[in-house]
Amino acid sequence: MQLPFGFLLAILIAYIAFRTHSLNKSGALAAMFTGTIIFGIGGWQWAILLLTFFITSSALSRAFKKRKQGLDEKFSKGHERDSGQVFGNGGIATIFAALHFFFPNELWPWLGFAAALAAVNADTWGTELGVLNPNPPRMITNLTKVVEKGTSGGISLIGTLASLAGAALIGILAAFLYPATDSISIGIIVTLAGLAGALFDSFLGATVQAMYYCPTDKKETEKYPIHTCGTPTVHIRGWKWLDNDWVNFSCGTFGVVMALITSVL
Ligand SMILES: [Zn+2]
C-alpha cells in the first residue's frame, strides 16, 4: 500500500509550501490531507498532475505579485493560500482520487480528476496572466462593457488564451500519464473541459458571486467583512455564501461535468 508514502510526500510538500509562503498554516494542513489521498490512493501519475497545478499556479501568483499590487485589494486573499482555497481548488480532485480507490480499473475517476485540475489551473493561469493584456477586460456577460482590471467576471484575449494553455498543459499530461488507447481524446476532452470551467468561473464572478463595496475607497471588492484599508465592506450583489472559494469549487465541478458528459458521447 502506497498510502504511507503518499502521507510522507504530502507532509514534505505542505512543509515546503508553508516555508515558502505559498500556504499558510490551515492551507498546509488542508494540503497534507488532500495530498495524502491523491498521492496515496492515486500514485505518481496523480501526484504529477496535482503538483503541475500547484507549482505552476503558485509560481505565477508569485511572479505577478508586484504587477498586481494595485489590484490586490480586489482579490480577497493574498498569495498565501488558506484551507478554503486549498479545498476550493483541490476538493473535487480529491473526491475523484478517492473514487479511484473504489473503481481502480475505470477511466472516469482519472478523467474527473484531470478535468477538475484543468479547470482550476485554467482559471489561475487566466487570472494571473490576464493582467498582461494591454487593454482592460470586458464583462463575460456583456462583451461590449469594458471593466477595470481585476474585476470578477472580466475576460480578455490574453487571459482566455492563458486559460486555454493552462488547461492544455493538464490535458496533455493527463493523456500521456494514462495508459489508454485513446489518449488524444483524453487530452482534448480535459483541455476543453478545463477551459469551460474557467469561463464558468468568470460567469459566476459576473453574476451571482458575492461582491462587496468599500465606502472609503469607493471600490468593489471580494473582501468581507473588512477591507484592506480597515473599513467594513457592504454587500452589493451576489449570493452571500458564494465566496471565491465556492466559485473555484464550482469551476472545478463544471469542468468535471463537461468532461464526463463529453466522454460518454
Ligand atoms: Zn477600503
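How many bridges join strand 4 to strand 6? Three bridges do, linking residues 211-214 with residues 234-237 in an antiparallel run. Please keep in mind that this is a predicted model, where local features need pLDDT of at least 70 and side-chain atom pairs count only at pLDDT 80 or more, while totals for chains, interfaces and linings use all residues. Residues are numbered from 1 along each chain as its sequence is written, and side-chain values use heavy atoms, with hydrogens and water left out.

**Overall build**

- The protein has eight helices and six strands; helices (H or I, at least four residues) and strands (E, at least two) are DSSP runs numbered from the N terminus.
- Along the sequence these elements follow the pattern α-α-α-α-α-β-β-β-α-α-β-β-β-α.
- The radius of gyration is 18 Å, which agrees with the value near 18 Å for a compact globule of 265 residues; the radius is taken over C-alpha atoms, and the globule rule is 2.2 Å times the number of residues to the power 0.38.
- The C-alpha trace spans about 55 × 40 × 30 Å along its principal axes.
- Of the contacts with a separation of 6 or more, 69% are between residues 24 or more positions apart, where contact means heavy atoms within 4.5 Å.
- Buried residues make up 49% of the 265 residues; buried means under 20% relative accessible area, exposed over 50%, and partly exposed in between (1.4 Å probe, protein chains only).

**Nonpolar cores**

- A nonpolar core is a set of buried Ala, Val, Leu, Ile, Met, Phe, Trp, Tyr and Cys residues joined through side-chain atoms within 4.5 Å.
- The largest such core has 34 residues, and those touching the most other members are Ile38, Leu49, Trp110, Phe113, Leu117, Ala174 and Val190.
- Among the elements giving two or more residues to this core are helix 2 (25-42), helix 5 (108-129) and helix 8 (244-264).
- Helix 5 supplies the largest share of this core, 10 residues.
- Leucine 117 is in contact with Leu49, Leu50, Phe53, Ala93 and Ile170, leaving aside its neighbours within four places in sequence.
- Another core, of eight residues, lies apart from the largest one and includes Ala17, Ala28, Ala31 and Phe54.

**Zinc site**

- Cys214 (SG), Asp217 (OD), His227 (ND1) and Cys229 (SG) coordinate the zinc ion at 1.8 to 2.2 Å; donors are N, O and S atoms within 2.8 Å of the metal (3.2 Å for Na, K and Ca), and sites may look incomplete because water is not among the atoms.
- The arrangement is tetrahedral because the four donor atoms subtend angles of 102 to 113°; four donors count as tetrahedral if all angles lie between 85 and 135 degrees.
- The spacing of the donor residues in sequence is C-x2-D-x9-H-x1-C.
- Histidine 227 is buried, at 3% relative accessible area, whereas cysteine 229 is partly exposed, at 41%.

**Strand pairing**

- Two strands pair if DSSP finds at least two bridges between them.
- Strand 4 is also joined to strand 5 (residues 219-221) by three bridges, and these two run antiparallel.
- Methionine 211 stands opposite arginine 237 in strand 6, and tyrosine 213 has glutamate 220 in strand 5 as its bridge partner.
- Four residues lie between the strands in the hairpin of strand 4 and strand 5, where lysine 218 takes a positive phi near 55°.
- A three-stranded open sheet has the order 2-1-3 with antiparallel pairing.
- Strand 2 (142-146) and strand 3 (154-155) each have a single partner strand, so one side of each is left without a neighbour in the sheet.
- Strand 1 (residues 138-139) pairs with strand 2 over two bridges, and arginine 138 stands opposite valine 146.

Key:
Four donors count as tetrahedral if all angles lie between 85 and 135 degrees; four count as square planar and six as octahedral if opposite donors are over 155 degrees apart and all others between 65 and 115; anything else is irregular.
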